[in-house]
Amino acid sequence: MDVTLHLAQEPEADELLGRSPLAALVGMLLDQQVPMEWAFAGPHTIARRLNADDLDAHEIAAYDPDEFAALLSTKPAVHRYPGSMAKRIQQLCAYLVEHYEGDPTALWENAPSGKEVLQRLNDLPGFGKQKSQIFLALLGKQLGVRPDGWREAAGAYGEPDAYRSVADITGPESLQRVRTHKQQLKAAAKSTGK
């Protein structure tokens, strides 16, 4: 992985996301209940606060939980809910250490199919079906990870030019298209009372 992503809309944060599979996974984990850019800038903020140029699953998993929560809570906070997200990030990293020797690329390298990658993502703490499908679509559309059947496994997020999620954001114009799509979904849900 070494591509330019445009999810945080900050060059240094986006550079980290493009070269660090763990940073991309952590950004995806953080992408809830906060603006997308804030979520995907989080891994860079965490790395800076750890005085590192990348995230390391072993280091984060072994970090004292109270100190890691404080690290995420320092203003500006990494997330609206820094304490609970610190716990989730540590759970994610501990899972990667236990099951993949801390290497997130093992989730998709040598996977026989997109369906298998999706299942591995679904098994991650903090990843449900939708988050897993979006991340699989991001892998396929922007990071060159395309096992057989990845588009089908990613569902609607895998469709070309879907503009449904972070998987489709390549710059400010596509960011606006994704935002418009999400606003339309919210308006439709509101009008039907869901």
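I started with helix α2 (residues 21-30) and helix α3 (residues 36-49), whose axes come within 7 Å and cross at roughly 130°. For the record, this is a predicted model in which local features need pLDDT of at least 70 and side-chain atom pairs count only at pLDDT 80 or more, while totals for chains, interfaces and linings use all residues. Residues are numbered from 1 along each chain as its sequence is written, and side-chain values use heavy atoms, with hydrogens and water left out.

My terms: helices are DSSP runs (H or I, at least four residues), numbered from the N terminus. Axes are lines fitted to C-alpha atoms over the stretch in contact, with angles from 0 to 180 degrees between N-to-C directions.

**α2 and α3**

On the α2 side I listed Ala23, Ala24, Val26, Gly27, Met28 and Leu30, and on the α3 side Ala39, Phe40, Gly42, Pro43 and Ile46 (contact means heavy atoms within 4.5 Å). I sorted this contact into nine nonpolar, two polar and no charged residues (nonpolar: Ala, Val, Leu, Ile, Met, Phe, Trp, Tyr, Cys and Pro; charged: Asp, Glu, Lys and Arg; polar: the others, Gly among them).

**α5 and α6**

Next I looked up helix α5 (residues 65-73) and helix α6 (residues 82-100); their axes come within 8 Å and cross at roughly 125°. That makes α5 oblique to α6, and the crossing is right-handed. From α5, I have Pro65, Phe68, Ala69, Leu72 and Ser73 meeting Pro82, Gly83, Met85, Ala86, Ile89 and Gln90 of α6. My tally here is eight nonpolar, three polar and no charged.

**Largest pocket**

What is the volume of the largest pocket? I read about 690 Å³ (the space filled by probe spheres set on the grid points, which are joined across faces, edges and corners). A pocket here is an open set of points on a 1 Å grid over the protein atoms alone, where a 1.4 Å probe fits, with protein on both sides within 12 Å along at least five of seven lines; lining residues have an atom within 4 Å of a point.

I found 23 lining residues, with Asp31, Arg164, Val178, Lys182 and Lys186 nearest the centre. Both α8 (129-142) and α10 (172-191) supply at least two residues each, and α10 gives the most, with eight. The lining divides into twelve nonpolar, five polar and six charged residues.

Technical notes: Angles under 35 degrees count as roughly parallel, over 145 as roughly antiparallel, 65 to 115 as roughly perpendicular and the rest as oblique. A crossing is left-handed if the near helix is turned anticlockwise from the far one by less than a right angle, and right-handed if clockwise.
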